[in-house]
Amino acid sequence: MLYPIKNKSFALLESYSAQKIILLFCLTLCLTACEDFVKVDPPKNLLISEKVFEDPATVESALANIYDKLRDQGLYSGSRGLSPLMGCYADELNYFDSDLDILELQQHGVTASNSEIGNWWGQAYNLIYATNDIIEGLNQSQTLNDSDKDRLIGQALFIRAFLHSTLTNLFGDIPYITSTSYLKNNEVARENKETVYNNIVVDLLQAVQLMEPAEEGSERVIPDQSTAKALLARVYLYNGNWEQAAAWATEVINSPGHQLEEDISKVFLKESGGTLWQFKPDGVNNMNTVEANYFIIESVSLQRYALNDNLINAFEPGDLRKEEWVGAFTNPNTGAVLHYPYKYKEKLSTTESLEYSIVFRLAEQYLIRAEAKAHLGQIAGAREDLDRIRNRAGLPPTSAANETELLDAIIQERRVELFSEYGHRWFDLKRTQRASEVLSVLKTNWQNTDVLFPLPENELELNPNLLPQNPGY
């Protein structure tokens, strides 16, 4: 079981300035509603000033800037985020271009100088630092009312937990960053994974208390109470706390603000009832999702990623997800057929965003609860949750009859339900200790130490307290 512990002080990248500088936020740039993304880009290396915390609208703008960067930079975004790159690292995607850093991931030859890994680390901690500045400013504000403070602090705590949860899954032991003190940040040390997860739980439990419930009919581009509960369910599942995983997943499933989208063809539309949190396109550079832009294959020259045949063969006959969520492109020169993720179907030419990039969705919660119940010996309940997802995909009830068969069936279901979404397949292989069994026969350079990425070498040079490097690097 995860027990809360006191968070430690932390350090951050040397690139940050210690001096707080007042940033003037023009009211015309503020959000008129929380669902809108607004470019409010503070100059690099500057902290948000006390001026921002005199009006909830300016704090909302600062948070919107963080959501904007989550969408456009680093771990969760674009053609260089978790979805394509961890798909290549696992057994979902093949990469056909010539970027050496991505080829390192595809071929399991990652080095500590890999720029993609370095960017993920740096950009994630940049955003963590920004959330900490918002939390500190809100706590010190003398003008905002308690209600506004609570909901905004709740969002920031969720983001901090969300980023740390991804980082620890990728790198193992990491610093858990909770302040903006430059002097402390300059000497940060890594904390063990158990401590990091405990700190994540502390932040999320507080976030659940402070955040607002899911709102009917909203665009769900601002994380709410259900989003924090969904992450709690995932965190508890990853750590083998089956009771808590099932309990929090149930909280989300029973939330009046969400319902599973029954039509497979509508799951990834922006108004889908099963969406818990999604990134809204900026409406300027991208009218729809970046996923559609880099996954859909329209010509040989533009091809970068394609689905691995192992994934294509994993679909059962009659699975509607293969029909609706997998596209096919035939090479006119060779006749070879390439398959690609087709969950998002609209590219950049439309005048209105039809699809947003979904980060959390309800189907995962059913599969979390199914897996947790299977571990708890609640076979009937686990089968019921698993069949909820299978039946929606046009498949018959599972034939799995005991715990071992059910756990295998659930991992299989996660594979075909969550493919090409933020590295789910890789994290499942890693946490269930199946990575070596599955990938050693597919990746000629596979080493058992590949379950963790190396800490970026430039970070170790700047701060030797981050040593030792992860094994194998």
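A residue counts as buried when its relative accessible area is under 20%. The model examined here is predicted. Arg-392 has a relative accessibility of 6%, so this residue is classed as buried. Its salt-bridge partner is Glu-417, with an N to O distance of 2.8 Å between the side chains. Glu-417 is also buried, at a relative accessible area of 0%. The two residues sit on separate helices: Arg-392 in helix H14 (residues 379-392) and Glu-417 in helix H15 (residues 403-417). They are 25 residues apart, and the pair links distant parts of the chain.

This pair belongs to a network of salt bridges that share partners. Its members are Glu-316, Asp-319, Arg-321, Lys-343, Arg-361, Arg-390, Arg-392, Glu-413, Glu-417 and Glu-421. Across the model, the count of salt bridges comes to 31.

A further salt bridge joins the side chains of Arg-234 and Glu-364, again at 2.8 Å from N to O. Arg-234 lies in helix H8 (residues 225-238), and Glu-364 lies in helix H13 (residues 362-375).

Glu-298 and Lys-347 form another salt bridge, with 3.5 Å between N and O.

Strand S6 is mostly covered, with 5 of its 5 residues buried. S6 pairs with strand S2 (residues 275-279) in the antiparallel sense, over 4 bridges. In this pairing, Thr-275 stands opposite Arg-361 of S6. Arg-361 is also one of the residues in the salt-bridge network.

Helix H9 (residues 242-253) contains 12 residues. The helix reaches 16 Å from its first C-alpha to its last, close to the 16 Å expected at 1.5 Å a residue. Buried residues in H9 are Ala-245, Ala-246, Trp-248, Ala-249, Val-252 and Ile-253. An α-helix has 3.6 residues a turn, so residues three or four places apart point the same way. The cover over the buried residues of H9 includes helix H7 (193-210), H8, S2 and H13.

Key: Residues numbered from 1 in each chain as written. Predicted model: local features only at pLDDT ≥ 70, side-chain atom pairs only at ≥ 80, totals over all residues. Heavy atoms only, no water. Salt bridge = Lys/Arg side-chain N within 4 Å of Asp/Glu carboxyl O. Buried < 20%, exposed > 50% of the residue type's maximum accessible area, 1.4 Å probe, protein only. Pairing = 2+ DSSP bridges. Expected span 1.5 Å × (residues − 1). Contact = heavy atoms within 4.5 Å.
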